[in-house]
Amino acid sequence: MSRLRDVGEFGLIARIAKLAKSAPHVIEGIGDDCAVLRLDRRTLLVSCDLSMEGVHFLTGTPPEAIGWKSAASSLSDIAAMGGAPAFVLVSLACPPDCEIAFIERVYDGLLDVLSQCGAALIGGDTSKSPAGLLLDVTAIGEAVGERCLTRRGAQPGDCLVTTGWLGLSAAGFHAITHGHDAPALVHAHYQPVPRISEGQWLASRPEVHAMIDISDGLAQDAGHLVEAGRLGVNIQKRFVPIHPDLAAYAECYQCDPFAFALAGGEDYELAFAIDGPACEETIAAFRREFRTPIAVVGRFNDAWHGVRADGEPLARSGFEHFKNPA
Ligand code: ADP
Ligand code: MG
């Protein structure tokens, strides 16, 4: 009998997707960062993300960080489609002995990132939990212009481009679990910033063909971009944006900064495909608009399928529920 650990998170989602029926108004159902719904002339984007104590955050995580991160992961999915977040619902399960002040601080963090992203808390659900805290955040947003970007659409010859620095969050987690003093990395882990404005700008550019947010590590999330077209993408390690703080941390504690950047998740940066010949001009225009770093890290091709780094096939080394050790 096949079990979850055999098929993994993505194998399970693929099976669930086969069970789901198509429905009116659904432009994108299961499989992308958000569901895309067309209602009259408006295009709604909806995504939910679950955060569970002991799985998504450690016991002892500051409550504000639990709230911030749980909401940021959902809002980031709206960013990944180029949308504007508007509303959020929060389902909360907690043990009866949980302090009310603790929950209030969770909501402080959650509401902080909501206000930064222009979203309002409009509802949710509450339950007791037999053990540990659980939050499920549903974000509802809207496509801003004519189009929203999906994970499909990368073409051979497109550049793979990322925003921000990669691997900071995973290094922050490493620092927390090893008791290392690295406040900037820990901050990146606790308070990732969804790239809302950048996502909207990118979706307005026709030369940007596909986009995803990096929640499970660049290697794995780039894998989602190559899947639909059976493409390949070669990531050139020397172009992967490693922040000096990460480089210094990796040097100090003798770890591989690229392992954090490629396989570490929860950076919530954007990864996208830009038409090859247009790429340079798009990046120049992005830099005029934003101070957010942007980097061309690889190129798509149709000669082989999958993700490689410097020509070497990369296992899908990012986070996948049921497959990764607890
Ligand atoms: P992300 O990392 O962007 O949040 P996920 O990998 O969690 O995306 O989910 C991928 C897709 O699968 C999304 O479209 C999501 O809505 C869908 N999905 C995930 N879990 C389930 C589930 N249990 N039932 C139905 N759809 C699911
Ligand atoms: Mg996503």
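**A bent helix, then the sheets**

Modeller: Helix α1 has a bend of about 70 degrees at Phe 10; a bend at a residue is the angle between axes fitted to the seven residues ending there and the seven starting there. Before we go on: this is a predicted model, in which local features need pLDDT of at least 70 and side-chain atom pairs count only at pLDDT 80 or more, while totals for chains, interfaces and linings use all residues. Residues are numbered from 1 along each chain as its sequence is written, chains are lettered from A and ligands numbered from 1 in the order in which they are written, and side-chain values use heavy atoms, with hydrogens and water left out.

Helices (H or I, at least four residues) and strands (E, at least two) are DSSP runs, numbered from the N terminus. Buried means under 20% relative accessible area, exposed over 50%, and partly exposed in between, with a 1.4 Å probe and protein chains only.

Now for the sheets. One is an open, mixed sheet of six strands, ordered β1-β2-β3-β6-β4-β5. Its edges are β1 (26-28) and β5 (120-128), each pairing on one side only. Two strands pair if DSSP finds at least two bridges between them. β2 (residues 35-39) and β3 (residues 42-52) run antiparallel and share five bridges, with Leu 37 opposite Leu 44 in β3. Helix α3 (residues 100-117) packs on this sheet, touching β4 (83-94), β5 and β6 (134-143), and its direction makes about 170 degrees with that of β4. Contact here means heavy atoms within 4.5 Å; axes are lines fitted to C-alpha atoms, for helices over the stretch in contact, and angles run from 0 to 180 degrees between N-to-C directions.

There's also an open sheet of seven strands with mixed pairing, in the order β8-β10-β7-β11-β9-β12-β13. β8 (208-213) and β13 (312-313) are the edge strands, pairing on one side only. Look at β11 here: six of its eight residues are buried, so the strand is largely enclosed by the rest of the structure. β11 pairs antiparallel with β7 over five bridges, and Leu 160 stands opposite Gly 298. Four bridges, also antiparallel, tie β9 (residues 232-235) to β11 (residues 294-301). Within that pairing, Gly 298 is the bridge partner of Ile 235, and Arg 299 that of Asn 234. Helix α10 (residues 279-289) packs on the sheet, touching β7, β10 and β11, at about 155 degrees to the direction of β11.

Last, the cysteines. There are zero disulfides, a disulfide being a pair of cysteine sulfur atoms within 2.5 Å.
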